[in-house]
Amino acid sequence: MADIIVKIINKSGNELPAYATADAAGMDLRAHLETAVTLQSLERMLIPTGLFMELPAGYEAQVRPRSGLAIKQGLTLLNTPGTIDADYRGEIKIIIINLSNEPQTIQPGDRIAQMVIAPFVQAVIEPVTVLTDTVRGAGGFGHTGKS
Ligand SMILES: O=c1ccn([C@H]2C[C@H](O)[C@@H](COP(=O)(O)OP(=O)(O)OP(=O)(O)O)O2)c(=O)[nH]1
Ligand SMILES: [Mg+2]
């Protein structure tokens with residue numbers, strides 16, 4: 001299988017994103033900060049990474065929370081999974097929110113999120129007036145498994 005090449009400009013001074021283990025799905029992303037920042041309970045903040053990327057056509061990057069930060073500090077991503085488009089050339093930024101009851105501090109270089117590279121398809125939208133019948137029909141939101 002050919003390598004999927006992701007071009008990255010790193011203006012952060014932090015190490016480049018990398019897979020921590022042989023079969024890791026995500027690469028951790030680090031905060032590009034001059035000084036530590038503190039988020040109050042329920043406060044959200046846009047944290048820069050200092051990274052600028054060029055993904056191959058047909059691929060996106062998904063920015064996801066780290067489970068350790070979520071369980072230990074209540075820090076998660078407000079828009080998870082964040083979508084990085086293949087044609088985006090701006091800085092990758094992370095929307096962190098503090099869902100804990102206490103203030104939480106992020107230090108420069110902290111690993112605040114992880115990034116998964118994934119293929120996607122662009123669909124062709126076909127407007128119609130009737131959809132095909134199915135067993136499920138309009139049932140949803142806990143519809144199955146009831147007698
Ligand atoms: O967590 C995120 C989400 C998005 N982006 C960047 C890359 C993405 O390609 C662009 C637009 O993201 P999105 O489509 O989610 O935002 P929008 O609110 O729809 O803005 P736009 O109108 O620019 O698409 O912002 C990030 O850096 N971090
Ligand atoms: Mg958009």
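View 1. Strand 7 (82-84) and strand 8 (91-98) each bring at least two residues to the shell around ligand 1; strands here are DSSP runs of E, at least two residues long, and helices are runs of H or I, at least four long, both numbered from the N terminus. The surrounding residues are Val63, Asn79, Gly82, Thr83, Ile84, Asp85, Tyr88, Ile92, Lys93 and Ile95, where being near means that the C-beta atom, placed from the backbone, lies within 6 Å. Sorted by class, that makes five nonpolar, three polar and two charged residues (Ala, Val, Leu, Ile, Met, Phe, Trp, Tyr, Cys and Pro count as nonpolar, Asp, Glu, Lys and Arg as charged, and the others, Gly among them, as polar).

Before moving on: this is a predicted model, so local features need pLDDT of at least 70 and side-chain atom pairs pLDDT 80 or more, while totals for chains, interfaces and linings use all residues. Residues are numbered from 1 along each chain as its sequence is written, with chains lettered from A and ligands numbered from 1 in the order written.

**View 2. Here is the largest nonpolar core.** It has 21 residues, and those with the most contacts inside it are Val63, Ile94, Ile96, Ile112 and Ala113. Such a core is a set of buried Ala, Val, Leu, Ile, Met, Phe, Trp, Tyr and Cys residues joined through C-beta atoms within 7 Å. Strand 4 (44-54), strand 5 (59-64), strand 6 (75-77), strand 8 and strand 10 (111-119) each supply at least two of this core's residues. Strand 8 gives the most, with four.

**View 3. Zoom in on Ile112 and its partners.** Skipping neighbours within four places in sequence, Ile112 is in contact with Leu29, Arg30, Ala31, Ile47, Ile94, Ile96 and Ile106. Contact means that the C-beta atoms, placed from the backbone, lie within 7 Å.

**View 4. Now for Gly13, out in a loop.** Gly13 sits between strand 1 (7-10) and strand 2 (27-30). Why is Gly13 exposed? Gly13 has 10 other C-beta atoms within 10 Å, and a residue counts as exposed with 12 or fewer, buried with 20 or more, and partly exposed in between, using C-beta atoms placed from the backbone. Thr49 is 36 residues away from Gly13 in sequence, and their C-alpha atoms are 9.9 Å apart.

Conventions:
Contact = placed C-beta atoms within 7 Å.
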